[in-house]
Amino acid sequence: RMEVYSAVFDKNHNKIMEVQAEILTWESYAEMSEPIYFIGDCQEKCKTVLTKDNFHFLPEIVFPSANEMSVLAYDKFVKNDFVDVAYFEPFYLKDFLIATK
């Protein structure tokens, strides 16, 4: 399937589009005219349908590093924004479904 998990950020790391699970088509991101850089392990899949000139792929960045989380983590630390891990429920984006034959 052509499903990917995605989010769009501007050059200042401000979120433009929320995290979502989407099925890629040739129309995906068609409304965006500025340069878009794709990172992550979906690049090979994306290249097959996302062919506009403003789409750029960065194969040297396969998985975003935990280094990018340091600013977010520090911001939460400064704001004293902690969770009790005994009751924390991770955000998995989609419910896990078990298919039966």
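This note goes through the pocket, the cysteines, the charged pairs, the aromatic pairs and the backbone of one predicted model.

1. Basis. The model is predicted, so local features need pLDDT of at least 70 and side-chain atom pairs count only at pLDDT 80 or more, while totals for chains, interfaces and linings use all residues. Residue numbers run from 1 along each chain as its sequence is written, and side-chain values use heavy atoms, with hydrogens and water left out.

2. Largest pocket. The largest pocket holds about 1700 Å³ of space. A pocket here is an open set of points on a 1 Å grid over the protein atoms alone, where a 1.4 Å probe fits, with protein on both sides within 12 Å along at least five of seven lines. Grid points are joined across faces, edges and corners, and the volume is the space filled by probe spheres set on the points.

3. Lining. The lining of the largest pocket has 37 residues, a lining residue being one with an atom within 4 Å of a point. Nearest the centre of the largest pocket lie Ala 7, Val 8, Phe 9, Ile 39 and Pro 64. Two or more lining residues come from each of strand E1 (3-9), strand E2 (15-23), strand E3 (36-38) and helix H2 (70-78). E1 gives the most, with six residues. Helices (H or I, at least four residues) and strands (E, at least two) are DSSP runs, numbered from the N terminus.

4. By class, the lining of the largest pocket divides into 27 nonpolar, four polar and six charged residues. Ala, Val, Leu, Ile, Met, Phe, Trp, Tyr, Cys and Pro count as nonpolar, Asp, Glu, Lys and Arg as charged, and the others, Gly among them, as polar.

5. Cysteines. A search of the whole structure finds zero disulfides. Cys 42 counts as buried at 16% relative accessibility, and Cys 46 is also buried, at 2%. The accessibility classes are buried (under 20% relative accessible area), exposed (over 50%) and partly exposed (in between), with a 1.4 Å probe and protein chains only.

6. Salt bridges. Side chains of opposite charge can pair when their charged atoms come close. The structure holds five salt bridges, each a side-chain nitrogen of Lys or Arg within 4 Å of a carboxyl oxygen of Asp or Glu. One of them joins Arg 1 to Glu 3, with the closest N and O atoms 3.5 Å apart. Arg 1 is exposed, at 72% relative accessible area, whereas Glu 3 is partly exposed, at 22%.

7. Lys 47 forms a salt bridge with Glu 44, and the closest N and O atoms are 3.5 Å apart. Both residues lie in helix H1 (residues 43-47), three residues apart, about one turn of the helix. Lys 47 is partly exposed at 36%, while Glu 44 is exposed at 57%.

8. How many of the nine residues of H2 are buried? The count is zero, and H2 is hardly covered. Lys 76 forms a salt bridge with Asp 81, the closest N and O atoms being 3.0 Å apart. Lys 76 is partly exposed at 44%, as is Asp 81 at 38%. Just after H2, Asn 80 takes a positive phi of about 55 degrees although Asn 80 is not a glycine. Asn 80 is exposed, with a relative accessible area of 58%.

9. Aromatic pairs. The structure holds five aromatic pairs. Rings of Phe, Tyr and Trp (its six-membered ring) pair if their centres lie within 6.5 Å; planes under 30 degrees apart count as stacked, over 60 as edge-to-face and the rest as tilted. Phe 77 and Phe 82 form an edge-to-face pair, 6.1 Å centre to centre with 85 degrees between the planes. Both Phe 77 and Phe 82 are exposed.

10. Aromatic cluster and Tyr 29. One aromatic cluster is formed by Tyr 29, Phe 38, Phe 55 and Phe 57. Tyr 29 is found in the loop between E2 and E3 and is buried, at 7% relative accessible area. The phi of Tyr 29 is near 65 degrees, a positive value in a residue other than glycine.

Conventions:
A disulfide is a pair of cysteine sulfur atoms within 2.5 Å.
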